[in-house]
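Here are some friendly notes to read alongside the model. Take them one point at a time, and keep the structure open while you do.

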Amino acid sequence: MGTVSLNDKYLNQFIEKDEVIAVQDFVKAAHRKIHEKSGAGAEYLGWLDWATQLDKDEVSRIEETAQKLRREAEVLIVIGIGGSYLGAKAVQDLLCPSFGLNKMEVIYAGQNLSGRYMEELLSFIEGKEVALNVISKSGTTTEPAIAFRVLRAWMYEKYGEQAAERIIVTTDKTEGALRKAADATGYTSFEIPPDIGGRYSVLTAVGLLPLAVAGVDIRALVDGAAQAEKDLASEDLFENAAYLYAAYRQILNARGYSIEVLASFEPAMSGINEWWKQLFGESEGKQGKGIFPASVIYSTDLHSLGQYLQNGRRTLFETMISFKEEQYQSRIPFDQENGDGLNYLADKTLHEVNQQAMNATALAHVEGGVPVVTIEVERVDAFHTGYLIYFFLKACAMSAYLSGVNPFDQPGVELYKQNMFELLGKPGYEKKI
Ligand SMILES: O=P(O)(O)OC[C@H]1O[C@H](O)[C@H](O)[C@@H](O)[C@@H]1O
């Protein structure tokens, strides 16, 4: 079965093979850091073989809980921020129908502090059967904690003590306020492994429970990641597409291409774009280094940011995601009048036209001085999505180590929190502003 591969035909005029060969030794050294767990942040490498090690009983428990929630609720509100929601939302966006065909709605809260968002969400759930899945590894993040407080009050108002049956907690095994709440109230709970950081956690209960509720085949998702784990285990970057992608990124970065634009021709990829931005942005953006992760959805953005990509500052490179298989057969009809002049496309599928839009865009951008690398994904399904996720996790760890930073911490996220606590008068935070 074809899976996920790298196509570098548009890169050849930007990168010589010798340059790639020259980074091979660095890749091997970073590979050892990952596989021998000897690099910075090595205590967060639990994701590396998670998919093959995952306890199948835990998957069954997730599926049973999901079935119960699907029976008892019409809406699941997933409360979380960053790595505690982006992965589930990404996979849901990609695999579930775009237009409300799902019987069970899975929606998100706690990823912002907008009063408007909360008010509209509360009106939306009025009169509906609701369940909550509150997700926070630390159990102390302010945004989801506030959302949980508001929504938990709503749940107890509606269901009384029975509300506890409809609240699922996903958090650390022993630490944090959420773990205490789960232990004290008897909420059903799932553990986030201590050796898997938030942005690497989509294949744990963090992502799997909401996705199972949304109707995603979570076993196939995990199987895809397990396949990638096997396929992407070589230290040789010519045999490991994730490492080759990481090497290309760093070679380009060293030449001043410091912005990477992840481009898809499939609107359902917008969630993956956001997940990918957190993964690479938090992993690499430190010590004054890092490739800035940006994203576009085409054709939409060909008619807005496309101009910049074509003719703006030449500091960006583009990573295009292409889905090879034609899974949807929507065709352009023949029209007798041909008033719009589109009969030359009659009987072609939208997929065919979209593929040509992609080829045309890549050619144009290369001509405009933008290096383009393509990640080809065989088809859109749970298996290939799991594979793609693991591909990016492994590439990200490699790329961060190649640039000399710890892929698994995010020290810079703390400063705004400190300032916010000071401004809001949180006990224990001295005024410096
Ligand atoms: O799961 P939590 O502990 O609530 O953390 C949620 C998010 O918090 C911060 O934003 C971190 O920078 C992220 O890496 C993390 O994913």
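1. Let's begin with Lys 37. Is Lys 37 buried or exposed, or something in between? Lys 37 counts as partly exposed because it has 15 C-beta neighbours inside 10 Å. The scale works like this: a residue is buried if 20 or more other C-beta atoms lie within 10 Å of its own, exposed if 12 or fewer, and partly exposed in between, with C-beta atoms placed from the backbone. Lys 37 is found in the loop between α1 (17-35) and α2 (50-53). These element names come from DSSP runs: helices are H or I runs of at least four residues, strands are E runs of at least two, and both are numbered from the N terminus. Lys 37 also has a positive phi of about 50°, although it is not a glycine. Most residues other than glycine have a negative phi, and most peptide bonds are trans.

2. Before going further, a word on what you are looking at. This is a predicted model, in which local features need pLDDT of at least 70 and side-chain atom pairs count only at pLDDT 80 or more, while totals for chains, interfaces and linings use all residues. Residues are numbered from 1 along each chain as its sequence is written. The pLDDT is the predictor's confidence in each residue, from 0 to 100. The chain averages a pLDDT of 96, and 99% of the residues score at least 70. For the complex, the predictor gives an ipTM of 0.98 and a pTM of 0.97.

3. Asn 338 lies in the loop between β9 and α13.

4. Now look for a cis peptide bond. Where is it? The bond from Tyr 298 to Ser 299 is cis, with omega near 5°. Ser 299 sits in the loop between β8 and α12 (306-311).

5. Next, follow strand β10 (residues 372-377). Five of its six residues are buried, so this strand is mostly covered. Strand β1 (residues 4-7) pairs with β10 in the antiparallel sense over four bridges; two strands pair if DSSP finds at least two bridges between them. Val 4 has Val 377 in β10 as its bridge partner. Strand β9 (residues 316-323) runs parallel to β10, and six bridges join them. Here Thr 319 has Val 373 in β10 as its bridge partner. Together with helix α13 (residues 350-367), β9 and β10 make a right-handed β-α-β unit. Right-handed means that, with the strands pointing away from the viewer, the path from the first strand over the helix to the second runs clockwise.

6. Strand β7 (residues 259-264) and strand β8 (residues 292-297) pair in the parallel sense over six bridges. The bridge partner of Ile 259 in β8 is Phe 292. Between these strands the chain passes through helix α11 (residues 270-284), and this β-α-β crossover is right-handed.

7. Of the 14 residues in α10, 13 are buried. After α10 comes Gly 256, whose phi is positive, near 100°.

8. Val 78 is in strand β2 (residues 75-79) and counts as buried because it has 30 C-beta neighbours inside 10 Å. Val 78 and Pro 210 are 132 residues apart in sequence, yet 7.1 Å apart in space, C-alpha to C-alpha. Ile 77 is also in strand β2, and its separation from Thr 174 is 97 residues in sequence and 24 Å in space, C-alpha to C-alpha.

9. Finally, turn to the ligand. Which residues come nearest? Of the 14 residues around the ligand, they are Gly 82, Gly 83, Ser 138, Thr 141 and Gly 198. A residue is near a molecule if its C-beta atom, placed from the backbone, lies within 6 Å of it.
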